[in-house]
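I set out to record what I looked up in this structure, entry by entry.

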Amino acid sequence: MLITHDTRCALEAVVDLVNTAPEDESAPDGLPDVAALTDFVRSHQISDVGTLSEFDLSAVRKVRGRFAAVFSAAEARIAAGLINELIAAAGTTPRLTDHDGYDWHVHYFAPGASVADHLAADCGMALAFFVVAGERERLRRCEAPDCRRAFVDLSRNRSRRYCDSRTCGNRLHVAAYRARRKEAAG
Ligand SMILES: [Zn+2]
Ligand SMILES: [Zn+2]
């Protein structure tokens with residue numbers, strides 16, 4: 001499937017957003033305050049967003065919860081329903097743009113959209129294309145038992161199992177290697 005520059009950015013943004021959610025009620029929130037949200041917006045180069053407020057923070061956290069559910073959805077129909085809700089609530093104004101030297105691509109957020117609506121529209125559409133392409137299973141969660149972080153598997157044969165092979169993948173490979181050695185020795 002075709003993954004344009006903007007789609008890639010939207011995917012990175014939505015994965016990072018989902019992974020700021022606390023794993024349980026005792027864990028700290030990765031988006032604790034407006035300053036953290038401002039950093040998130042800056043580092044993901046989310047354009048046309050004005051000064052952020054507490055209202056934006058709670059709206060983004062709400063959107064984050066819905067995106068998190070997309071990555072946990074058991075089947076495409078459930079993911080599609082969630083994405084439809086996100087996009088409908090945000091309102092979209094698709095328009096072609098070639099800003100900043102990128103090739104022609106479509107932006108979906110409405111002019112003047114809040115940061116939450118911007119994320120819901122453009123990240124929602126980025127995820128929608130995976131459903132359309134029959135590639136919804138690429139939106140998944142890490143298989144390391146104590147991790148479950150969201151990621152998008154862009155490998156050719158959809159073989160990626162861990163959020164970050166340098167940490168989770170390695171950790172499990174080492175554990176499996178030790179277990180095999182123990183078995184061989186015992
Ligand atoms: Zn763009
Ligand atoms: Zn992981």
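**Entry 1**

I began with the largest pocket, whose volume is about 570 Å³. I note that the model is a predicted one. I then looked up the lining and found 30 residues, of which Asp6, Thr7, Cys9, His107 and Asp122 are the closest to the centre of the pocket. Helix α5 gives the largest share of this lining, 8 residues. I also recorded that α1, β2 and α5 each supply at least two lining residues.

**Entry 2: zinc ion, ligand 1**

Which residues coordinate the zinc ion (ligand 1)? I found Asp6, through two OD entries, and the NE2 atoms of His99, His105 and His107, at 2.0 to 2.7 Å. Along the sequence these donor residues follow the spacing D-x92-H-x5-H-x1-H. Asp6 belongs to helix α1 and His105 to strand β2, so this pair ties together parts that lie 99 residues apart in sequence. I checked the accessibility of His105 and found 8%; the residue counts as buried because this is under 20%.

**Entry 3: zinc ion, ligand 2**

I next looked up the zinc ion (ligand 2), which is coordinated by the SG atoms of Cys142, Cys147, Cys163 and Cys168, at 2.2 to 2.4 Å. The donor spacing in sequence is C-x4-C-x15-C-x4-C. Why is the arrangement of the 4 donor atoms called tetrahedral? The angles they subtend run from 106 to 116°, and four donors count as tetrahedral if all angles lie between 85 and 135 degrees. For reference, the ideal angle for four tetrahedral donors is 109.5 degrees. I recorded Cys142 as buried, at a relative accessible area of 0%, and Cys147 as buried too, at 7%.

**Entry 4: the nonpolar cores**

Finally I looked up the nonpolar cores. The largest has 47 residues, and those with the most contacts inside it are Leu31, Leu37, Val60, Phe67, Phe71, Leu119 and Leu127. Among the elements that give two or more residues to this core are α1 (5-18), α3 (54-72), β2 (105-109) and α5 (115-132). The largest share, 11 residues, comes from α5.

I took Val60 as an example: leaving aside neighbours within four places in sequence, Val60 is in contact with Leu17, Leu31, Leu37, Val115, Ala116 and Leu119. A second, separate core of 7 residues includes Ala144, Cys147, Phe151 and Cys163.

Technical notes: Residues are numbered from 1 along each chain as its sequence is written. Chains are lettered from A and ligands numbered from 1 in the order in which they are written. This is a predicted model: local features need pLDDT of at least 70, side-chain atom pairs count only at pLDDT 80 or more; totals for chains, interfaces and linings use all residues. Side-chain values use heavy atoms; hydrogens and water are left out. Donors are N, O and S atoms within 2.8 Å of the metal (3.2 Å for Na, K and Ca); water is not among the atoms, so sites may look incomplete. Four donors count as tetrahedral if all angles lie between 85 and 135 degrees; four count as square planar and six as octahedral if opposite donors are over 155 degrees apart and all others between 65 and 115; anything else is irregular. Buried means under 20% relative accessible area, exposed over 50%, partly exposed in between (1.4 Å probe, protein chains only). A nonpolar core is a set of buried Ala, Val, Leu, Ile, Met, Phe, Trp, Tyr and Cys residues joined through side-chain atoms within 4.5 Å. Helices (H or I, at least four residues) and strands (E, at least two) are DSSP runs, numbered from the N terminus. Contact means heavy atoms within 4.5 Å. On a 1 Å grid over the protein atoms alone, a cavity is a set of points where a 1.4 Å probe fits but cannot get out, and a pocket is an open set with protein on both sides within 12 Å along at least five of seven lines; lining residues have an atom within 4 Å of a point. Grid points are joined across faces, edges and corners, and a volume is the space filled by probe spheres set on the points.
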